[in-house]
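Biologist: I'm new to reading models like this one. Could you walk me through a few features, giving the general idea each time and then the case here?

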Amino acid sequence: KSTKNLSFFKSIKPLLVLAIIAFIIMFNEGAVEHWSNLFLFDIVKVSESKAGLGFIIFSLTMTIGRFLGDGFSQQLGSRKTILFSTIIAFVGYLFIIMSSLIFSVLGFGLLGFGLSVIIPEVYRIAGNNKDLETSFAISIVSGIGFVGFLVGPVILGAISNFNSLVVSYVFLSILIIIAFGLALFGLKKKVDSM
């Protein structure tokens, strides 16, 4: 029985890493979707008519990234795609935090592009897990990811009320570093053959 438990834990361990990455990325997606307008309006001090620019660019680059994601994945493999994407997203946050209209909007663009391919790759890896049913693996990872999407805006709002929106975005960038670390140390190098 203990051998059976051990093998189940071994098979579910990479799934836990993927679930946390999914949670972090969807946490970011939800937070940016709800708070990008206010960031540009409140912190960058743009007019109301320009406050939606960040989210428009974010959505545009995310859509482009989703279309190009498969090509990157075939060239680099899922793990490297996630690693490079988290770096792009982190650089995006550095630009956003500069709090100038051009840099912040560019940052939202980089962020959308960086985040766009991570969730599809996480699902791909989860589905390739040979020890677990594909539907079970993907539903666990996507379910936990969706919780992140729901709680992200709430937690970000609480941080900005307690401190400021800039600190909220610094917090999001730290989460991206954690996702990078999880992908680097928690996913197998030959993750595509899981």
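Biologist: Is Glu29 buried or exposed, and how do I tell?
Modeller: We call a residue buried under 20% relative accessible area, exposed over 50% and partly exposed in between, using a 1.4 Å probe and protein chains only. Glu29 has 10% relative accessibility, so it counts as buried. Keep in mind that this is a predicted model: local features need pLDDT of at least 70, side-chain atom pairs count only at pLDDT 80 or more, and totals for chains, interfaces and linings use all residues. Residues are numbered from 1 along each chain as its sequence is written, and side-chain values use heavy atoms, leaving out hydrogens and water.

Biologist: Which residue forms a salt bridge with Glu29?
Modeller: A salt bridge is a side-chain nitrogen of Lys or Arg within 4 Å of a carboxyl oxygen of Asp or Glu. For Glu29 the partner is Arg66, with the closest N and O atoms 3.6 Å apart. Glu29 sits in helix H1 (residues 2–43) and Arg66 in helix H2, so the pair ties together parts that are 37 residues apart in sequence. Helices here are DSSP runs of H or I with at least four residues, numbered from the N terminus. Arg66 is partly exposed, at 39% relative accessibility.

Biologist: How many salt bridges are there in the whole structure?
Modeller: A search finds 3. Asp70, Glu121 and Arg124 are linked in a network. Asp70 meets Arg124 at 2.7 Å, N to O. Asp70 is in H2 and Arg124 in H5 (residues 118–127), so this pair ties together parts 54 residues apart in sequence. Arg124 also bridges to Glu121 at 3.0 Å, and those two both lie in H5, 3 residues apart, about one turn of the helix. Glu121 is buried at 1% relative accessibility, while Arg124 is partly exposed at 31%.

Biologist: And which residues make the nonpolar surface patch?
Modeller: Patches take residues with over 30% relative accessible area and no salt bridge; nonpolar side chains (Val, Leu, Ile, Met, Phe, Trp, Tyr) are joined within 5 Å, and like charges within 9 Å. Areas come from the Shrake-Rupley method with a 1.4 Å probe; for residues, only the protein chains shown count as cover. In this model Leu60, Ile64, Phe67, Leu68, Phe72, Leu76, Phe84 and Ile87 make a patch of about 780 Å².

Biologist: Which helix gives the largest share of that patch?
Modeller: That's H2, with 6 residues.
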